[in-house]
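Reader: Could you walk me through reading side-chain contacts in a model like this one? I'd like the general idea first, then the case at hand.

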Amino acid sequence: MKKTLSIIALSIIGFGLVSCKKENKETQGTETATTDSAATTPLLVDSTRTSVTHDKAAPVSNEPSTSVALSENSFDFGKIKKGDKVEHVYEITNTGKNPLIISEVKPGCGCTAPDFTKEPIMPGKKGKVTLHFDSSSFDGNVQKYADVFANVEKSPIRLTFTANIQP
């Protein structure tokens, strides 16, 4: 029984590492330089945002909808050394009339771990989503994301980051 559980656990871990490396190879060939113009202009996320279809089912929220503004929705770590563990904080402001509730943050890869404001964010107040990235398994240019599920009309909100991993 222990042997079977060990094999299953190792298979799951191995699959997670392979999927991260595969995603990295796919993005390396199509990587382009981007500038972060959103850093100075808040990005409004509301009914004008186009929705993206995802493999994972979106958590359903029974809370009344609200609207948000992001200080930025993408970030470039620039050049980092392979093995570095870096993080970035995305500020999210509740611009609506109802409390903002972030129900979940789902990273696209096991190399990214999220932290986020768990308590309701009142109208006019700010919350945070922090993405922690472990560069140990990557080389060259990478682009990663996390989907933020909240009580906004066009959920999830996609946050992205890029990095250039140096040996």
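Predicted model: local features only at pLDDT ≥ 70, side-chain atom pairs only at ≥ 80, totals over all residues.

Reader: Which residue does Arg-158 meet in a salt bridge?

Author: The partner is Asp-147, at 2.9 Å from N to O. Arg-158 belongs to strand E9 (residues 157–166) and Asp-147 to strand E8, so this pair ties together parts that are 11 residues apart in sequence. Asp-147 is buried, at 5% relative accessible area. The charged end of Arg-158 also sits over the ring of Tyr-145, 3.7 Å from its centre.

Reader: How many salt bridges does the structure hold?

Author: There are 3. One of them joins the side chains of Lys-82 and Asp-139, at 3.2 Å from N to O. Lys-82 is in the loop between strands E3 and E4, while Asp-139 is in the loop between strands E7 and E8, 57 residues apart. Lys-82 is partly exposed at 34%, and Asp-139 is partly exposed at 38%.

Reader: And the aromatic rings: which residues do ring pairs link into a cluster?

Author: Here, look for rings whose centres lie within 6.5 Å. The cluster consists of Phe-75, Phe-77, Phe-133, Phe-138 and Phe-161. The count of aromatic pairs is 4. Among them is the tilted pair of Phe-133 and Phe-138, 5.6 Å centre to centre with 35° between the planes. Both of these residues, Phe-133 and Phe-138, are buried.

Definitions and conventions:
Residues numbered from 1 in each chain as written. Heavy atoms only, no water. Phe/Tyr/Trp six-rings, centres within 6.5 Å; stacked < 30°, edge-to-face > 60°. Buried < 20%, exposed > 50% of the residue type's maximum accessible area, 1.4 Å probe, protein only. Lys NZ or Arg CZ within 6 Å of the ring centre and 35° of its normal. Salt bridge = Lys/Arg side-chain N within 4 Å of Asp/Glu carboxyl O. Helix = DSSP H or I, 4+ residues; strand = E, 2+ residues; numbered from the N terminus.
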